Amino acid sequence: AYERRFPTCPLIPMFVASDIVNEYKSEDEAIHVIERRCKLDIDAPRLLKKIAGMDYVYFIQKNSLNRRERTLHIEAYNETFSNRVIINEHCCYTVHPDNEDWTCFEQSASLDIKSFFGFESTVEKIAMKQYTSNIKKGKEIIEYYLKQLEEEGITFVPRWTPPVACKLESSASHARRPVSPAISIPDSATKEGLGNKEILNTSSSPSEPTAGTPDDKLDADYIKRYLGDLTPMQESCLIRLRQWLQETHKGKIPKDEHILRFLRARDFNIDKAREILCQSLTWRKQHQVDYILDTWNPPQVLQDYYAGGWHHHDKDGRPLYVLRLGQMDTKGLVRALGEEALLRYVLSINEEGLRRCEENTKVFGRPISSWTCLVDLEGLNMRHLWRPGVKALLRIIEVVEANYPETLGRLLILRAPRVFPVLWTLVSPFIDDNTRKKFLIYAGNDYQGPGGLLDYIDKEIIPDFLGGECMCEVPEGGLVPKSLYRTAEELENEDIKLWTETIYQSASVFKGAPHEVLIQIVDASSVITWDFDVCKGDVVFNIFHSKRAPQPPKKDSLGAHSITSPGGNNVQLIDKVWQLGRDYSMVESPLTCKEGESVQGSHVTRWPGFYILQWKFHSMPACATTNLPRVDDVLASLQVSSHKCKVMYYTEVIGSEDFRGSMTSLESSHSGFSQLSAATTSSSQSHSSSMISR
C-alpha cells in the first residue's frame, strides 16, 4: 500500500513527481532498497520563492524493505538548500511485539535552519505547517491505498520465505537464533484457493502463547467484558503504558480500567496520560486515598446535612449519584467543617463510585467505568454563591478532574433557577471540555418532558422528590446550626491535621543543594528501608556512612544549610569541608531515578554510626550524536524550573530478624494502591545486603 504513492500521489498535491536514482535487491529477495529523488511544490509565499530563486524543492528518499525482519524504514533529507537548511526525517513500520496482526508506525524529524536570506522564522513556520499537515494525512493516505487493494481483491500478502537453497544453508543458524515463524503455503493450498484465515492458523501451535491470551489481557473476550470497544491503536497504547508502569512501579500497577481512564482523558497520547497518571498515583499514595473508605469516618455533620447519596443505577447500568445541591447549606458546611473535610468526603464518594462501577460490571456483564450524577438545583439561591463556598467547590472540581478522569458518564442538572447562570459562569472554566459535553441542563419542569429524565433513568427509580414513586434515602439537607460553626483557627488546624495524616514527607532538591536525611544506627545488623517517589525532575539517590555525627543545619545564618519551600524541606548535612573516603564513605552505588518513578529498597548495615540518605539533582547529559538539544531534553529543562526537583519519601529502621526482604512486611507498604492494584509482587532476596526495586 505504501509503494502505491509513487511515482506521484494525487492525495498529496505538493508531491509533484519522483524518479528512482538507485535500487537494490538481495538474491533471496528479502531486502529491497529504493532511493528516489522527489519533487515537491512547497506552499510558500511567492516573494520567498522569488528571493530564493526556486519553484520546487527536491528531497532524497530512501526506502528499505526487509521482508525477513518484517520492517520498512524510510529516510528522507533535503537536497535543495542543504547548505542553509538541514531537514532529516525517519519513519518505520514494524510488527507489534505483542500481536503480529498489528503494525506499528513511528515517525521522527529534525529541522536545523542555519541561514535563509533573513527569512529563518518564516521558513521554520512553513516547514512546521507542511510537516504537521503531512502527519495528519499520513494515516488517511495509507488507508486509501489499503482500501484500493481490497477492492482489487488483494487482502493478504504471503509472508516471505527463503528459497529452498537458502533454507538448507542456514538451517543450522536458525536453530541457534530465534526468528519469527514463517508461514509456509503448500502448493495444494494455493491451487485450491485456501482462505486467508486458514493460512494464518498454520503459523502457530497451541503450545505457543499468543498475544491474545488472558495472561497478558489482550484476549478479545476480556476486552469486550471489562474494557469495551478499543481500536488496535488504543490497545497498543494501553499495553505500552502498562508495561512502563510495571518497570517503574513494581507491585503498584493500577488495573487496566483505571489506566484506560487516563488514556481516554488525553486522547490516547501516552506521554500526557503517563504524566497525569503518575501525578495521581503519587497523590493517592501521599494522602492514603486507597484506605479512605476503610479508615475515615465522615463527621456527623456531613451525614446529617450533606444532601447527596447513591441511588440505584441508570438505564446504561451506571451507578447513579443524587445530589440535592439546592437543599444543601454549603456555607454552613464550610463554616462547620472546613474545605479539606468537604474535599475528603467528596473523595470518599468517588472511591465508592469506582467500587460500584466494578460491581456493576460484574452484574451487567459489560464494562461500566463511569457513573451518572443527578443534581437537583431546586432551592439554589445567592447563599450558594458565598465566595469561600465557591472557592471550596472549585478546589474540589480541580482535585476530582485531576485524579478521577473519565469517571463521569453523564451529569443531569434539573430545575436550574435564574441564579444558575451566575454559578455556571464561575465554575465552567475549571471543567474539562470533554466533561462539559456530558452535561444536560433542564430548567423548571423541562426534565419531565421528551428528552428528559425518562430517557436516562427507569421510571421505577425516579426519586419521590422529583415526582417519582421511588423513596430516596438521600438526606434532605437544610441549614447547619450556627452552634456547630468553628473559628477560622480551629478549621485551619483541622485542615492541617487531615492532610498531614501521612507517613510520607516531602522534600525539594535543587541544583547544588541535595536533600539529606540522617539515620543513627546502634546495632550493626539493623536494616534501613526506604520508599520514595520522584514527583518532579530526575534525582540521584545515594547512601553514605560516617563514624561521626554531622553538624546540625544552621537555619539562622546567611549560609544556611536548610531551606524551607512550599514544595517541601531541603536539608543538607554533609559539610562542604568533608572529604569522601576520609570523613564519610559511600555504602551503595548511586541510583539514578527518573521523574514518576517509585523506588523501594533496603540496606543491611555493617557498622554502627551515622547513615545519610541523599537525594541529589541529576543533570541531564547532552546528546552525544549531535550538538542540537533533543526535544525531550528541552521539555525536561522547561519542566524542571529553576533546577528544582521534588521527592516524597518514607524511611524506617528495623531489626534484621524482623526483615523478610519484602516491603509487604513494612508499614511503608501501605503506599501500595490496594483499590487500584491488579496484582502485587514481592522479592525474596532477604539475604542480600541491599535490595532496590522500582
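In the predicted model, His73 has Cys92 of strand E5 as its bridge partner, within the pairing of strand E4 (residues 71-78) with strand E5 (residues 85-95), which runs in the antiparallel sense over 6 bridges. Strands are here DSSP runs (E, at least two residues) numbered from the N terminus, and two strands pair if DSSP finds at least two bridges between them. Strands E4 and E5 belong to an open sheet of 6 strands in the order E1-E2-E3-E4-E5-E6, with antiparallel pairing. Strand E1 (15-25) and strand E6 (103-113) stand at its edges, each with a single partner strand, so that one side of each is left without a neighbour in the sheet.

Asp533 is located in strand E14 (residues 527-536) and counts as buried because its relative accessibility is 2%, buried meaning under 20% relative accessible area with a 1.4 Å probe and protein chains only. The side chain of Asp533 forms a polar contact with that of Lys285 at 2.3 Å, a polar contact being a pair of N or O atoms within 3.5 Å, of which, within protein, one must be able to donate a hydrogen and the other to accept it.

A search of the whole structure for disulfides (pairs of cysteine sulfur atoms within 2.5 Å) returned 0. Cys9, at 2% relative accessibility, counts as buried, as does Cys278 at 8%.

Residues are numbered from 1 along each chain as its sequence is written, and side-chain values use heavy atoms, with hydrogens and water left out. Because the model is predicted, local features need pLDDT of at least 70 and side-chain atom pairs count only at pLDDT 80 or more, whereas totals for chains, interfaces and linings use all residues.

Terms used. Buried means under 20% relative accessible area, exposed over 50%, partly exposed in between (1.4 Å probe, protein chains only). Helices (H or I, at least four residues) and strands (E, at least two) are DSSP runs, numbered from the N terminus.
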